[in-house]
Amino acid sequence: MEFLSKQGISTNASNDCDRQKHLSSPAGVDKGRAYKGCIFLFGHPYYTLLSHIRRSWAWLQCLKLGNPFSITKEVSSNLGLLKAKTVMEGRDVFGIEHQFTQWSGATLDCPLLFLDFADILSSQSELNAFFEKTLDYSRFSVQERSSYTVDPELFPIYEELYQRMRNNLSDK
């Protein structure tokens, strides 16, 4: 969002004071605003999940994702409990897949672009076309992220989800 703002492109509030970030579905889009476009930016769900827990905002994010499995605040914020429930179910119970599914089947009144954060620099022509202008990617920087241990039981569930998400992009 900061990169786009520096390009003169107006975005919703980066601090989410307008409550338009991480919506569980397009139904939450503010109909009173005239959006010129919407980007569904995502990353690997395993690392996203661990980041939410590390930052102590997992419960808030779980609620924003729709909490489709009605997990508790304690489960959402405790990696051990969340792992146990996820492994027992054999799928994402946090809501990442639910959110992606809601958005990938959406029809909006504006263009919708799905983009894996890892592909931003290799998707310059697609982004330029979406914004109808040539962006200056020399201003785009990828910041070093926290490193996480790969859990041999939990990671494969989210790796499979990530691959389905990426495959969904190629189907569009």
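**Entry 1: the network around Lys83**

I looked up salt bridges and found Lys83, Asp151 and Glu153 linked in a network of them. I counted a salt bridge where a side-chain nitrogen of Lys or Arg lies within 4 Å of a carboxyl oxygen of Asp or Glu. The model is predicted, so I kept local features only at pLDDT of at least 70 and side-chain atom pairs only at pLDDT 80 or more, while totals for chains, interfaces and linings use all residues. I number residues from 1 along each chain as its sequence is written, and my side-chain values use heavy atoms, with hydrogens and water left out.

In the Asp151–Lys83 salt bridge, the closest N and O atoms are 2.9 Å apart. Asp151 lies in the loop between α7 and α8 and Lys83 in helix α5, so this pair ties together parts 68 residues apart in sequence. I take helices (H or I, at least four residues) and strands (E, at least two) as DSSP runs, numbered from the N terminus. Asp151 counts as buried at 18% relative accessibility. My cut-offs are under 20% relative accessible area for buried and over 50% for exposed, with partly exposed in between (1.4 Å probe, protein chains only).

Glu153 is in the loop between α7 (124-131) and α8 (155-170), and I list it as partly exposed, with a relative accessible area of 45%. Its side chain makes a polar contact with the side chain of Lys83, at 2.9 Å. A polar contact is a pair of N or O atoms within 3.5 Å; within protein, one must be able to donate a hydrogen and the other to accept it, and residues adjacent in sequence count only if both atoms are side-chain atoms. Leaving aside neighbours within four places in sequence, Glu153 is in contact (heavy atoms within 4.5 Å) with Lys83 and Val87.

**Entry 2: other salt bridges**

How many salt bridges does a search of the whole structure find? I get 11. One of them joins the side chains of Lys64 and Asp16, at 2.3 Å from N to O. Lys64 sits in helix α3 (residues 58-64) and Asp16 in the loop between α1 (2-6) and β1, 48 residues apart. Lys64 counts as buried at 10% relative accessibility, and Asp16 counts as buried at 14%.

I also noted Glu89 with Arg91, whose closest N and O atoms are 3.8 Å apart. Glu89 is partly exposed at 31% relative accessible area, and Arg91 is partly exposed at 41%.

**Entry 3: the ends of α5**

Asn78 is at the start of helix α5 (residues 79-89), where one of its side-chain oxygens reaches to within 2.9 Å of the backbone nitrogen of Gly80. After α5 comes Gly90, with a positive phi near 75°.

**Entry 4: nonpolar cores**

I define a nonpolar core as a set of buried Ala, Val, Leu, Ile, Met, Phe, Trp, Tyr and Cys residues joined through side-chain atoms within 4.5 Å. The largest has 29 residues, and those with the most contacts inside it are Leu49, Ile71, Leu82, Phe94, Ile96, Trp103 and Tyr158. At least two residues each come from β1, α2 (45-54), α3, α6 (96-104) and α8. The largest share, six residues, is from α8.

A second, separate core of 11 residues includes Phe3, Ile9, Ile120 and Phe131.

**Entry 5: strands**

Strand β1 (residues 38-42) and β2 run parallel, joined by five bridges. I call two strands paired if DSSP finds at least two bridges between them. Leu41 has Leu115 in β2 as its bridge partner. Four of the five residues of β2 (residues 112-116) are buried.

**Entry 6: cysteines**

I searched the whole structure for disulfides, meaning pairs of cysteine sulfur atoms within 2.5 Å, and found zero. For Cys17, the nearest cysteine sulfur is that of Cys38, 17 Å away. Cys17 is exposed at 61% relative accessible area. For Cys38, the nearest is that of Cys110, 5.7 Å away.

**Entry 7: positive phi in one loop**

Asn67 counts as buried at 14% relative accessibility, whereas Ser70 counts as exposed at 60%.
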